[in-house]
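Keep the 3D view at hand as you read.

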Amino acid sequence: MSLAVYKDKMYAGVLGKIIGVYMGRPVEGWTYQAIRDTFGFIDYYVAHKTGAPFIVPDDDISGTFVFYRALEDSGYPAAITAQEIGEAWLNYIVEDRTILWWGGLARSTEHSAYLRLKNGIQPPLSGSGEKNGMAIAEQIGSQIFIDTWAMVNAGNPARAAEMARQAALVSHDGIAVECAVYLAALEAMAFDEKDVDTLLRECRQYIGKNPYGEQLNRLLDDVIAQCEAAEDWRQVRDWIEENHNYAKYQGNCPMVPNHLAVIMALKMAGDDFRKSVSIASSAGWDTDCNSGNVGCLNAIRLGLDSLNQDADMRGPVADRMYVVSTDGGDCIFDAVRETRKIMRAYAALNGEKLALPEARYAFDFPGSVQGFMIHPVHPFDQAAVRVYNALETGGKPGLAIDYKGVSGSVTASVSVQTYVDPSPKAAPDTSYFEVYASPALYSSQTVTARIECPGDENPDARFFIDYYDANDEVAVMREPARHRLVKGENTISWKIPDTHGRAVYRLGVELVSDSRRDGTVILRSVDWRGAPERFHMGLANDLTPGISPFVTRTKWMMAFMNSTKHTGPDFLATFAISHPERNGVMTIGANDWEDYAVESTVQFVHAEYAGLVARAKGHRNYYAGVFGGGQIKIIKRQGPDVTVLAVSDKTYREGDWHDLRLEVKGDRLTFLVDGEEAVVAQDNTFASGSTGYVVDEGAIVAKYFTVSAI
């Protein structure tokens, strides 16, 4: 089938995954009895009832939507290898911080695999029972990360199964691999086949012909028979508890009971999406993992309309998701843009041409809002507002904003998040993964929106931002001028003002009028792209960062994705960066930053090499202008390989301060030291990416940090 047939189901699959996770996450770690005593049956979101945050970073979401980037990074090979996927782990994970449960060697399956990879042990040995012990290797993680391998292979269960096998071998072994393969095949086939029994039967052909595959087939026979004989899902749940509870398997989150819970939810819910994720969330065990997998599979199988067949499962989510990786600019993300990535991979794997909207926010799928919501920060001066996709009323894609009573200080505002939430971190008992992100929007970038007005009488519009001020509090900055909206299409733009190096938290559009206005406007698109004209961080006397070295966590410091070990603000400079191992990197920015210069005044204290990074995609793919080994040079890091592209005849002395500037324009790379061109190279491996610093076994101190578009 063509992508045109599958794309809405891909979007449904992404939504189903995150809906399932948000359903099950608040009760992850709860006993079945505690869930039953507290909620009876979880048939909707309960985060607010547990004190947990609703939209959360989660290993199920981040791992699922990060690790398949190995396809893009490797040129979309149809036969991707476990080694290529393992490299994606090393590139996109920040050790001890992002994606995984960092429970320790021989305690956390994925942490153990990461340490093996880091130490040069390649898959499949990195995840093997031989290396890590079968008690570790047969845990749930291989299944929870598997959905994207199915979605990029929509309608092709054989290839989905093989890619899933390669992905699972990075970190798992035994029956954990076979369960992941089976689930991926189910999801890929579900694009074409709706009948659950047919899926469960036909996808067995992709289970391995080995003892673990035989074990899985016996388990499937047993659980399916239980489902077909039972009148209620709780009877099947009781059977799983009696015969396959956690105590009967080794490890802390074994695959078998959780895989059986997934099959149970699929069988016992029939064609009811909501019931399926409710069963998975109410059954106990690893609730967010199981509900996420069930949600993805059933959303693909049943389609977009199934998500809101009963209650509105999509509205509270509003497409929002956190995808936490070293690519911090893509952390605050949404289901539409993630679906576009999946579509690109599918098109590349199948030789299809692909035309996608150019704008970041184009609201191009039915019901999509891409994180745009009624602005939450100033609710008391807000007019009556409703936000929905214009496709719902038979129009073209766009964010329809119904407003009533806009007048004077009473305005109508919608906004989208561009950086981490300012609310306090959730209580420890929610097992909340912290959000690590870079801002998506920066001072001096120009935002453009297309707004269509169907009526003759319209309000004015203006942009605004919420940003972090010098006290790390959220402050508001509104566009000083108002744009008059006329009937038909209007294009408005605003260059984001200087926030003195502080992160922009939200971007909004506000409707204002001197006299009462009621009606509808349609936000057709919102976009910005490329590096900022000038984004600058400096010292305290420059009204920008500079602080006691004993303060290590500030909102502006958090704007960098940091894989260095000992880095913080400094009272004499902007940053002190120290890393005892190879390749300590900290970056800020986005993957669409192409031609720009990065500047900093740096004291090279001592290191194998250290300097400025440009066009980074992850922390193992980048260019850098560095000092090291007595030389000034431009290097390229691509995975494990470091290539010296050019060397200067100039030298340096440890401990001296130098003004560094690294320029990347097209395939020309220029490294300037103290205003003079020191070294030039040509290379076209990396066309775009974020920027920052690298320190390899040593330390630097840096004053100022400036990025400017070329």
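A residue counts as buried when its relative accessible area is under 20%. The model shown here is predicted.

Is Ser-415 buried or exposed? Its relative accessibility is 0%, so Ser-415 counts as buried. Ser-415 sits in strand S6, which covers residues 412–417. Its side chain makes a polar contact with the side chain of Arg-506, at 3.0 Å. Arg-506 is also among the residues that Ser-415 touches beyond four places in sequence.

Now turn to the nonpolar interior. In soluble globular proteins, nonpolar side chains tend to be buried together. Here the largest nonpolar core has 191 residues. Those with the most contacts inside this core are Tyr-22, Phe-65, Met-264, Met-321, Phe-575 and Tyr-693. Helix H13, residues 175–189, gives the core its largest share, 13 residues. A second, separate core has 38 residues, including Phe-363, Ala-383, Val-414 and Ala-475.

Take Phe-65 as a way into the largest core. Setting aside residues up to four places away in sequence, Phe-65 touches Val-14, Lys-17, Ile-18, Thr-148, Met-151, Met-321, Val-323, Glu-338 and Ile-342. One of these, Met-321, is itself named among the residues with the most contacts in the core.

How many cavities of 30 Å³ or more does the structure hold? There are 6. The largest cavity has about 100 Å³ of space. It is lined by 14 residues, and those closest to its centre are Arg-320, Ile-332, Phe-333, Gly-371 and Gln-417. By class, the lining of the largest cavity has 7 nonpolar, 3 polar and 4 charged residues.

The second largest cavity has a volume of about 70 Å³. Its lining includes Gly-63, Phe-67, Ile-85, Trp-89 and Ser-142. Helix H4 (59–67), H6 and helix H12 (157–169) each supply at least two residues of this lining. The lining divides into 8 nonpolar, 3 polar and no charged residues.

Helix H6 leads on to the open spaces. The largest pocket has a volume of about 1100 Å³. It is lined by 47 residues. Nearest its centre lie Glu-87, Leu-90, Asn-91, Arg-620 and Gly-639. Helix H5 (69–73), helix H6 (82–92), helix H7 (109–118) and strand S22 (631–638) are the elements that give two or more residues to this lining. H6 gives the largest share, 7 residues. The lining of the largest pocket holds 12 nonpolar, 20 polar and 15 charged residues.

The second largest pocket holds about 870 Å³ of space. Of its 32 lining residues, Asp-330, Lys-341, Arg-344, Asn-591 and Asp-592 are the closest to its centre. H5 and helix H20 (335–350) are the elements that give two or more residues here. Which element gives the largest share of the lining of the second largest pocket? H20 does, with 5 residues. This lining has 12 nonpolar, 4 polar and 16 charged residues.

Definitions and conventions:
Residues numbered from 1 in each chain as written. Predicted model: local features only at pLDDT ≥ 70, side-chain atom pairs only at ≥ 80, totals over all residues. Heavy atoms only, no water. Core = buried A, V, L, I, M, F, W, Y, C linked by side-chain atoms within 4.5 Å. Buried < 20%, exposed > 50% of the residue type's maximum accessible area, 1.4 Å probe, protein only. Helix = DSSP H or I, 4+ residues; strand = E, 2+ residues; numbered from the N terminus. Contact = heavy atoms within 4.5 Å. 1 Å grid on protein atoms, 1.4 Å probe; cavity = no way out; pocket = protein on both sides within 12 Å on 5 of 7 lines; lining within 4 Å. Points joined across faces, edges and corners; volume = space filled by probe spheres on them. Nonpolar A, V, L, I, M, F, W, Y, C, P; charged D, E, K, R; others polar. Polar contact = N/O pair within 3.5 Å; in protein donor to acceptor, adjacent residues only side chain to side chain.
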